[in-house]
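User: Could you walk me through reading helix packing, burial and backbone features in a model like this one?
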Amino acid sequence: MNRQVKLHAFFIILLLALAVGVPRAISQEQASEDQQKSEKEQKQKKKKGGFFSGLKAIRGESSEQQEVTATAGSKTVGEGEQIGDAQPTASDRQAVTTMENYAVPEKDLKKFQDDGKLKAKQ
Amino acid sequence: MKRSRASRTWLWPAGALVTVMLLGPAPAAKAQFRDLLKRGMEKAEKVQKALQPMTVEEEREVGREVSAKLIAFFHLYQDEALTRYVNLVGATVAAPSERQDIQYHFAVLDSDDINAFSAPGGYIFITRGALGLCEDEAELAGVLAHEVGHVAGKHVLKIVERDKALRAGMDETRAHMPGSAYLHKMSRGVLIKLIDQGLAPADEYDADQRGIKYARAAGYPADGLARFLTKLDQATEQGGKSFWTRTHPPVKERNARIAQTITAEQWEDADRPKLADRFAAETQVLKPKPEA
């Protein structure tokens with residue numbers, strides 16, 4: 001009987017330890033996972049350049065070639081980058097809208113093609 | 001009998017274990033599990049959205065932003081008659097394109113550089129310098145048809161769609177407003193790709209092949225683009241500025257492939273109009289005026 005009481009006491013202590021320990025272990029594991037993930041993301045950010053990362057696979061360039069391009073890019077800003085950084089004004093945006101709204105009348109297009117003896121497939 | 005009583009006494013700690021597991025740590029663990037599950041589902045949803053093809057409206061939004069930046073940098077060449085002419089040639093070569101779910105728009109950029117650009121959504125630009133290099137309408141048609149080929153082949157669009165980093169932020173509030181951080185990042189990426197890095201050689205060859213087919217289906221001879229490319233090569237050797245020769249595959253190879261298609265298709269284009277006179281008359285405004 002005495003032995004049974006001891007066993008019971010042991011299991012109750014074990015259960016209490018589990019009750020306290022399990023959630024802590026889970027949260028510690030979670031924190032460690034989050035930390036690992038954030039470190040991994042930072043490494044990836046350093047390695048990859050967003051838009052550029054996809055291009056490597058498409059063009060089949062080696063990492064060396066990529067590094068050369070990146071180095072060259074850091075020394076001289078490409079024209080595409082300069083244009084990409086341009087800040088359009090309201091008038092530039094209006095010009096795009098005008099471009100969108102511009103449509104050659106069907107009748108004029110037909111006359112243009114007829115005059116040029118073109119046979120456009122519609 | 002004794003053994004049976006002893007085994008029954010084990011039921012107490014086992015029952016206590018189950019009770020403690022259910023009532024003790026369970027609510028906290030359950031909440032954490034729910035949180036993990038929710039975050040996982042949110043991430044999966046974002047990834048799934050980012051991998052979906054862009055809608056035509058989304059494509060147009062990017063094209064509008066790219067166009068606004070091109071116009072902000074180069075400025076439009078403001079001549080109504082010339083813009084109308086370029087649109088007439090452009091509409092003629094765009095008509096046979098496989099992609100008719102979008103409208104094609106054409107404009108002239110005020111730049112001496114010899115370039116042509118196409119942005120997603122059907123926005124196509126040719127520079128004053130490129131127009132000046134063309135000798136006839138068939139060459140202009142070839143250049144514009146090549147650009148239509150890029151749009152129809154969704155060459156830029158496919159790159160944008162594949163890039164999850166670029167598409168991140170597409171769900172943010174005001175992401176689709178002109179000038180938003182998302183559209184700026186997207187259009188900047190497109191311009192760097194187009195002008196500084198160039199598309200994949202396979203995409204350029206594909207745009208060439210599509211372009212010569214559109215130009216020919218429109219009634220022009222198929223070799224307009226090849227003739228333009230030969231002159232472009234010479235012009236850049238003599239100091240002319242063009243990103244086409246810098247980022248595109250070698251002209252020799254492109255022209256060889258064009259010639260191969262013309263031969264394989266048995267296209268006899270000698271009687272097809274090049275329209276040199278009409279081109280000269282319509283682009284007269286670009287010719288330097290003789291000094292008095």
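Analyst: Helices (H or I, at least four residues) and strands (E, at least two) are DSSP runs, numbered from the N terminus. This is a predicted model, in which local features need pLDDT of at least 70 and side-chain atom pairs count only at pLDDT 80 or more, while totals for chains, interfaces and linings use all residues. Residues are numbered from 1 along each chain as its sequence is written, with chains lettered from A and ligands numbered from 1 in the order in which they are written.

User: At what angle do helix α11 and helix α14 of chain B pack, and how far apart are their axes?

Analyst: Two packed helices are described by the angle between their axes and the distance between the axes. Here α11 (residues 201-217) and α14 (residues 251-265) of chain B pack at about 40 degrees, with axes 10 Å apart. Angles under 35 degrees count as roughly parallel, over 145 as roughly antiparallel, 65 to 115 as roughly perpendicular and the rest as oblique; α11(B) and α14(B) are therefore oblique to each other.

User: Which residues of α11(B) and α14(B) make the contact?

Analyst: Two residues are in contact if their C-beta atoms, placed from the backbone, lie within 7 Å. From α11(B) come B:Tyr205, B:Asp208, B:Gln209 and B:Ile212, and from α14(B) come B:Arg254, B:Arg257, B:Ile258 and B:Thr261.

User: How do I read burial, and why is helix α8 of chain B largely enclosed?

Analyst: A residue is buried if 20 or more other C-beta atoms lie within 10 Å of its own, exposed if 12 or fewer, and partly exposed in between, with C-beta atoms placed from the backbone. In α8 (residues 155-162) of chain B, six of the eight residues are buried, so the helix is largely enclosed by the rest of the structure. Those buried are B:His155, B:Val156, B:Leu157, B:Ile159, B:Val160 and B:Glu161. By contrast in topic, chain A has six helices and zero strands, and 11% of its 122 residues count as buried.

User: What does α8(B) pack against α10(B) with?

Analyst: The axes of α8(B) and α10 (residues 181-197) of chain B are 11 Å apart, at an angle of about 125 degrees, and the two helices are therefore oblique to each other. B:Val156, B:Ile159 and B:Val160 of α8(B) meet B:Met186, B:Val190, B:Lys193 and B:Leu194 of α10(B).

User: How many residues are in the largest nonpolar core?

Analyst: A nonpolar core is a set of buried Ala, Val, Leu, Ile, Met, Phe, Trp, Tyr and Cys residues joined through C-beta atoms within 7 Å. The largest has 73 residues, and those with the most contacts inside it include B:Ile126 and B:Val190. Helix α7 (residues 137-152) of chain B gives the most to this core, with nine residues. Leaving aside neighbours within four places in sequence, B:Ile126 is in contact with residues including B:Val86, B:Val108 and B:Leu144.

User: Which loop holds B:His75, and what is its phi?

Analyst: B:His75 is in the loop between α4 (56-74) and α5 (80-94) of chain B. Its phi is positive, about 75 degrees, although B:His75 is not a glycine. B:His75 is partly exposed, with 13 other C-beta atoms within 10 Å.

User: Where is B:Gln266, and is B:Gln266 buried or exposed?

Analyst: B:Gln266 lies in the loop between α14 and α15 (276-282) of chain B. With 6 C-beta neighbours inside 10 Å, B:Gln266 counts as exposed. Phi of B:Gln266 is positive too, near 55 degrees, in a residue other than glycine.

Key: Axes are lines fitted to C-alpha atoms, for helices over the stretch in contact, and angles run from 0 to 180 degrees between N-to-C directions.
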